Amino acid sequence: MNVQEYMIELGEKARDAARLVAKADTNLKNQALLAMAEAIDSSRPALREANAKDLENGRNNGLDDAMLDRLELTDARIDTMIEGLRQVASLPDPVGAINDLKFLPSGIQVGKMRVPLGVIGIIYESRPNVTVEAASLCLKSGNATILRGGSEAINSNQAVAACIQQGLKETGLPETAVQVVETTDREAVGQMITMPEYVDVIVPRGGKGLIERISRDAKVTVIKHLDGICHVYIDSEADKGKAVNISLNAKTHRYGTCNTMETLLVNADIASAVLPELAERYQAVGVELRGCERTLEIVPYANEATDEDWVTEYLAPILSIKIVDSMDEAIRHINRYGSHHTDTIITENYTKSRAFLREVDSSSVMVNASTRFADGFEYGLGAEIGISTDKIHARGPVGLDGLTSEKYVVLGDGHIRK
């Protein structure tokens with residue numbers, strides 16, 4: 001069987017499974033999720049053995065330390081996978097919920113019901129725990145899913161998939177509701193994103209190159225974000241302590257995530273009071289600073305920033321800094337150079353904070369909080385399938401609601417239109 005035939009077979013099975021999962025009741029889906037958690041817990045030796053093969057292959061193939069770290073399944077990460085399944089099981093089921101039901105003058109009732117999207121294809125790199133996150137969210141939201149992980153994690157993903165399918169089998173749900181692509185041939189991705197008769201939505205999770213390729217070539221709707229150029233703006237009326245703590249956390253909590261701050265904007269009226277301490281703190285943990293001309297006057301050991309820095313997602317201990325004269329200038333900079341991911345203002349002025357929330361065109365906009373909170377788990381979604389910077393359907397962290405859509409429902413009692 002060639003790759004095209006194989007992917008079509010997966011698609012046909014997923015489409016059939018989607019019809020069954022869509023009508024499964026909440027209790028059955030929750031039982032399956034808890035059974036998956038038990039299967040993972042009892043399969044720890046097999047998971048570690050499979051993961052050890054991937055790690056060894058990765059080292060032999062020259063994967064860097066960051067990639068190897070994302071690939072590794074430690075006991076703590078297995079614990080997190082189990083906890084994630086249990087949390088998703090505890091979340092409200094969005095499927096079938098009817099909102100905004102109201103009587104109209106004609107006597108009919110009109111509302112909106114949440115329904116599954118159908119078959120969701122997810123393409124991701126490195127992290128085997130994504131297999132569990134994706135499977136759990138898709139199942140709870142009544143969808144079937146086809147998962148295509150990176151070739152570097154093929155053994156780990158297959159071991160995790162076995163646990164997932166065991167949980168489905170024990171509860172009588174179709175094992176084909178969650179299918180992990182077994183081939184490492186890249187043609188599988190090309191096939192998945194061009195078969196809308198079998199796949200309703202594609203969610204890519206990976207580097208910018210992967211997401212650009214999928215967005216360009218897909219014939220299936222894509223939920224995505226390309227990069228995370230996130231900003232913190234320190235307003236003239238900011239509390240200095242909050243400004244320092246938030247700005248440090250937003251940059252240094254983790255460097256390689258899409259919700260890490262890449263550009264710090266500082267109001268000129270507070271710059272000389274807050275930048276020297278911040279710069280020293282950044283320097284102490286090895287963060288390279290790249291600043292505008294006015295920044296260099298306050299932090300002379302910083303490197304000069306170029307126009308390219310304002311549009312760069314570093315994913316590294318590098319930070320660009322710009323001094324601005326007003327909140328309006330900060331907002332213009334964010335809307336021009338940002339990636340519409342996550343941006344925050346630090347201020348004690350209520351009016352400014354509300355204006356910032358309204359005017360910044362990003363999927364998450366914050367007041368006096370670190371950009372690192374832009375995450376499905378932190379937002380109370382249990383987990384996330386990804387983060388969307390699109391404006392249609394889902395925006396921001398995509399949880400259970402984001403994996404459903406709404407259809408109109410009409411309730412009558414023999415009503416006819418006159």
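How far is the sulfur of Cys138 from the closest cysteine sulfur? Welcome to a set of close-ups, starting with that one. The model shown here is predicted, so local features need pLDDT of at least 70 and side-chain atom pairs count only at pLDDT 80 or more, while totals for chains, interfaces and linings use all residues. Residues are numbered from 1 along each chain as its sequence is written, and side-chain values use heavy atoms, with hydrogens and water left out.

**View 1. Cysteines without a disulfide.** The sulfur of Cys138 lies 18 Å from its closest cysteine sulfur, that of Cys163, which is too far for a bond. For Cys292, the closest cysteine sulfur is in Cys230, 20 Å away and again too far for a bond. The structure holds zero disulfides, a disulfide being a pair of cysteine sulfur atoms within 2.5 Å. Cys138 is buried, with a relative accessible area of 0%, and Cys292 also counts as buried, at 12%. Here buried means under 20% relative accessible area, exposed over 50%, and partly exposed in between (1.4 Å probe, protein chains only).

View 2. Look for His225 in the loop between β7 (221–222) and β8 (230–234). Strands (E, at least two residues) and helices (H or I, at least four) are DSSP runs, numbered from the N terminus. At 15% relative accessibility, His225 is buried. Leaving aside residues up to four places away in sequence, His225 touches Ile211, Cys258, His341, Ile387 and Thr389; such contact means heavy atoms within 4.5 Å. A polar atom of the His225 side chain lies 3.0 Å from the backbone oxygen of Ile387.

**View 3. Helix α2 meets helix α3.** Helix α2 (residues 26–42) packs with helix α3 (residues 44–60) at an angle of about 70°, and their axes are 5 Å apart. Axes are lines fitted to C-alpha atoms, for helices over the stretch in contact, with angles running from 0 to 180 degrees between N-to-C directions. The two helices α2 and α3 are therefore roughly perpendicular to each other, a label for angles of 65 to 115 degrees. Ile40, Asp41 and Ser42 in α2 meet Arg44, Pro45 and Leu47 in α3.

**View 4. Arg59 on helix α3.** Arg59 sits in helix α3 and counts as exposed, at 54% relative accessibility. Val95 is 36 residues from Arg59 along the chain, and the C-alpha atoms of Arg59 and Val95 are separated by 43 Å.

How values were computed. A polar contact is a pair of N or O atoms within 3.5 Å; within protein, one must be able to donate a hydrogen and the other to accept it, and residues adjacent in sequence count only if both atoms are side-chain atoms. Angles under 35 degrees count as roughly parallel, over 145 as roughly antiparallel, 65 to 115 as roughly perpendicular and the rest as oblique.
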